[in-house]
Amino acid sequence: MKQFGPGSNSPTTIFIISISIVILLIILHIFGILGPVEGAVVRVFSPFQKYFYATGSKFSGSLRFFSSIKNLKKENKELYDKVSSLTFENSKLERLEKENQQLRDQLGLIKKEEFNLVAANIIGQDPNNLIQFINIDKGSNNKIEENQPVIIANNFLIGKITEVTPTSSKIILITDSYSKINAQIQEAEANGIVKGEHGLGLMMEMIPQDKIIKRNDKVITSGISSDFPIGLYIGEVEEVNTADNELFQKARIKSSVDFKGLRVVFIIID
Amino acid sequence: MKFFISIVILIALIFLQVSLLPHFEILHTIPSLIFIIAIAWCIAGNFKEAIFWGVAGGIILDLFSPFYFGTIALANLGIIMIVYFIMPNFINNDDKFSIVAVGVIATFIYNFLLIFLILISRLARLSAMIQPLNFQFILSVFIQAVLNTIILLLIYNFIKSIQSIKVYYEQRRQIKA
């Protein structure tokens, strides 16, 4: 049996040289000297990453499809019920929108502004899978800045920008434990804070005890903090935890977003 | 030539780690390929290769990670030192049990080193990121230890085969000379 352990080539010297190089690179990074090199590496890697990410997404999507076949009948029934209720809700909303437009016209109000969006491709995720986070192929060259909200179609909030280079950006997802969003349960008009649970789901905390919350109530951003505009969709209430001895209620939030299947995201730049 | 091949494999594995593997997570966890290869070289006794994989791989991974730049490279260096200098005092041979033990212990230490470095970068006001030390984290580290160890066994055997072939050709060259 061969022993493993210190041998030739003076490991201590190699270690000292290596740690010196790493510390030097960190110092250069702190002073921003390494920025252009980092940007160049990311730029060169980006098209390959995009290809790998898209391939992985396609394969995992197919795998998920095959594993979900057994639930298709049940899902189909649920979706059919949901379509019926949404069709009714939609007609009601159309009528309300018309009314709203008429009242706005009468009051001379300007039409609510649309978001100014930048579309970006996802090119990677956290290599350690500890943080729920994604890399995108757009950066400060496309007017992206830190703390800008990131959404997908239909104003579904998925995260916010945490780091920007000229050609890429890092996004922390709302499902990460680090993420905290000021939110509101629309039907109950109850404010609270939505926190991520290590990628396993979302939990809304600090909901006042006097608010009556029901399953499937919609959760949106409350607009209290400047990070997120009001009205971005977060999810629906899945379960409510009410304890008499607690000051606040908690609600488990179900997001309709398949975070693993995302390919393109939109950054609200204005 | 050997260095060029190593660089190409390293970059290919980084693409896999960052862009492909996250789609195939097992119980919300993926193995750390660069860490595993660095550890495998360590156990095989090639410190230079271990440092190359740990530092070069760590620096590139840092560009795509949510942590402050240098966190993964430093964690890799730390774990290589521990495995190379400290673990031989406790685990003295390269049988399967020892490799499994090294794989599991090293994964736990590596993740705690990461947490420690994240905390340091937060205290130094370099990053606002924080990784809570909760049950979910411990569970994901445990699952990652299992995944890493399985791949470590495969990669270690592969490295040993390469080393055996190298020794065989060197011996043949010496005999011919």
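**Entry 1: a helix pair in chain B**

I looked up which residues bring α2(B) and α5(B) together: Phe35(B), Ile39(B) and Ile43(B) of α2(B) meet Ile99(B), Val102(B), Ala106(B) and Tyr110(B) of α5(B). I count two residues as in contact if their C-beta atoms, placed from the backbone, lie within 7 Å. The contact of α2(B) with α5(B) has 7 nonpolar, no polar and no charged residues. For the classes, I take Ala, Val, Leu, Ile, Met, Phe, Trp, Tyr, Cys and Pro as nonpolar, Asp, Glu, Lys and Arg as charged, and the others, Gly among them, as polar.

A note on the source: this is a predicted model, in which local features need pLDDT of at least 70 and side-chain atom pairs count only at pLDDT 80 or more, while totals for chains, interfaces and linings use all residues. Residues are numbered from 1 along each chain as its sequence is written, and chains are lettered from A and ligands numbered from 1 in the order in which they are written.

The elements I name are DSSP runs numbered from the N terminus, with helices (H or I) of at least four residues and strands (E) of at least two.

I then took the geometry. Helix α2 (residues 33-43) of chain B packs on helix α5 (residues 96-123) of chain B at an angle of about 130 degrees, and their axes are 11 Å apart. This angle makes α2(B) oblique to α5(B). The axes are lines fitted to C-alpha atoms, for helices over the stretch in contact, with angles from 0 to 180 degrees between N-to-C directions. Angles under 35 degrees count as roughly parallel, over 145 as roughly antiparallel, 65 to 115 as roughly perpendicular, and the rest as oblique. The crossing of α2(B) past α5(B) is right-handed. I use left-handed if the near helix is turned anticlockwise from the far one by less than a right angle, and right-handed if clockwise.

**Entry 2: α6(B) against both helices**

Next I looked up helix α6 (residues 135-176) of chain B, whose axis comes within 9 Å of that of α2(B) and crosses it at roughly 50 degrees. That makes α2(B) oblique to α6(B). The crossing of α2(B) and α6(B) is right-handed. On the α2(B) side, the contact includes Ile36(B), Ile37(B) and Trp41(B), and on the α6(B) side it includes Asn148(B), Ile151(B) and Ile159(B).

For α5(B) and α6(B), the axes come within 8 Å and cross at roughly 135 degrees. That makes α5(B) oblique to α6(B). I noted a right-handed crossing for α5(B) and α6(B). Among the residues in contact are Lys96(B), Gly103(B) and Asn111(B) of α5(B), and Gln144(B), Thr149(B) and Tyr156(B) of α6(B). The contact of α5(B) with α6(B) has 9 nonpolar, 6 polar and 1 charged residues.

**Entry 3: strands of chain A**

Which way do β6(A) and β7(A) run? Strand β6 (residues 180-185) and strand β7 (residues 190-196) of chain A run antiparallel and are joined by 6 bridges. I call two strands paired if DSSP finds at least two bridges between them. Ile185(A) has Ala190(A) as its bridge partner in β7(A), and Val219(A) as its bridge partner in β9(A). The β6(A)-β7(A) hairpin has 4 residues between the strands, and there Glu189(A) takes a positive phi near 50 degrees. β6(A) is also joined by 3 bridges to strand β9 (residues 218-221) of chain A, again antiparallel.

From β7(A) I followed 4 antiparallel bridges to strand β8 (residues 202-208) of chain A, where Val194(A) is partnered by Met204(A). β8(A) in turn pairs with strand β11 (residues 248-254) of chain A in the antiparallel sense over 5 bridges. Here Leu202(A) stands opposite Ile253(A).

**Entry 4: between the chains**

I finished with the interface: 50 residues of chain A are in contact with 46 residues of chain B. α2(A) gives the most to the side of chain A that touches chain B, with 12 residues. That side has 25 nonpolar, 20 polar and 5 charged residues.
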